[in-house]
Amino acid sequence: MKKIFSTSIFPPVHYFAHLASCQEAFIERYCNYSRQTYRNRYVILGANGVLPLTIPIVKKSGTKMCTKDVEIDYDTPWNQIHWKSIEAAYNSSPYYIYYKDDIEPIFTKKWKYLLDMNHYALEVAMECSSVTAKISYTKEWQRDYQYPDFRDSIQPKKSFSFDESFRPESYRQVFALNQPFIPNLSILDLIFNKGPESLIVLEKSIKAD
């Protein structure tokens with residue numbers, strides 16, 4: 001099965017569960033860039049609760065930007081802040097020590113384009129979670145596809161409950177041991193907490209595809 005997604009930096013479990021269930025995934029790169037999406041945003045769980053982390057982009061006022069042309073802004077040391085936040089959140093998790101050396105370089109390299117950073121982060125997350133879907137990129141903008149389209153439906157401000165095929169499987173979380181399970185965080189949360197069992201969780205989260 002084929003599916004299409006927006007580009008995303010360490011996307012949520014919802015995204016990855018569908019990615020794990022398809023043979024080939026297309027990543028959209030020719031759409032107009034939209035703010036407040038998972039393109040430059042991901043959510044982890046820290047000691048003080050849910051923590052959204054956002055990658056700043058170079059803003060070009062008055063013009064629409066194509067996703068493939070969006071550049072990352074380094075006026076602030078956001079990459080250092082992000083890695084320190086990830087380290088603080090997951091350094092006591094069961095699998096942090098096994099994956100940190102794969103993930104930290106994403107934050108030490110100075111990427112020019114958001115799409116390039118997202119692509120590398122996706123490859124790393126897929127390898128860590130044993131997801132094997134073939135990744136391809138769109139060659140032009142196309143409004144409609146004949147296969148499942150998640151470009152605009154998997155969004156930070158949209159509940160995953162719209163998707164009847166996705167029912168997040170719970171797993172043990174570092175800072176939620178005495179609290180209810182918090183679903184649909186970044187794939188980082190699943191990887192650091194479940195390691196090689198991440199794929200099992202992803203597969204169980206898709207109930208009827």
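Which residues in α2 meet which residues in α3? W78, N79, H82, W83, I86, E87 and Y90 in α2 meet Y96, K100, I103, E104 and F107 in α3, where contact means heavy atoms within 4.5 Å. This is a predicted model, in which local features need pLDDT of at least 70 and side-chain atom pairs count only at pLDDT 80 or more, while totals for chains, interfaces and linings use all residues. Residues are numbered from 1 along each chain as its sequence is written, and side-chain values use heavy atoms, with hydrogens and water left out.

**Helix pairs**

- Helix α2 covers residues 78-90 and helix α3 covers residues 96-108; helices (H or I, at least four residues) and strands (E, at least two) are DSSP runs numbered from the N terminus.
- The axes of α2 and α3 come within 10 Å and cross at roughly 170°; axes are lines fitted to C-alpha atoms, for helices over the stretch in contact, and angles run from 0 to 180 degrees between N-to-C directions.
- That crossing makes α2 roughly antiparallel to α3, because angles over 145 degrees count as roughly antiparallel, under 35 as roughly parallel, 65 to 115 as roughly perpendicular and the rest as oblique.
- The contact of α2 with α3 has seven nonpolar, two polar and three charged residues; Ala, Val, Leu, Ile, Met, Phe, Trp, Tyr, Cys and Pro count as nonpolar, Asp, Glu, Lys and Arg as charged, and the others, Gly among them, as polar.
- Helix α5 (residues 187-194) and helix α6 (residues 198-205) have axes that come within 9 Å and cross at roughly 130°, which makes α5 oblique to α6.
- In this pair, I187, L190, I191 and K194 of α5 meet S198, V201 and L202 of α6, and by class the contact has five nonpolar, one polar and one charged residues.

**Sheet**

- Three strands form an open sheet in the order β1-β2-β5, with parallel pairing; two strands pair if DSSP finds at least two bridges between them.
- Its edge strands, each pairing on one side only, are β1 (2-6) and β5 (134-137).
- The twist from one strand to the next averages 30°.
- Strand β2 (residues 24-28) is joined to β5 by four bridges, and the two run parallel; E24 stands opposite K134 in β5.
- Helix α1 (residues 13-20) packs on the sheet, where it touches β1, β2 and β5, and its direction makes about 155° with that of β1.

**Cavity**

- The structure holds one cavity of 30 Å³ or more; on a 1 Å grid over the protein atoms alone, a cavity is a set of points where a 1.4 Å probe fits but cannot get out, and lining residues have an atom within 4 Å of a point.
- V13, P168, E169, Y171, F181, P183, N184 and V201 line the largest cavity, and by class they are six nonpolar, one polar and one charged.

How values were computed:
1 Å grid on protein atoms, 1.4 Å probe; cavity = no way out; pocket = protein on both sides within 12 Å on 5 of 7 lines; lining within 4 Å. Points joined across faces, edges and corners; volume = space filled by probe spheres on them.
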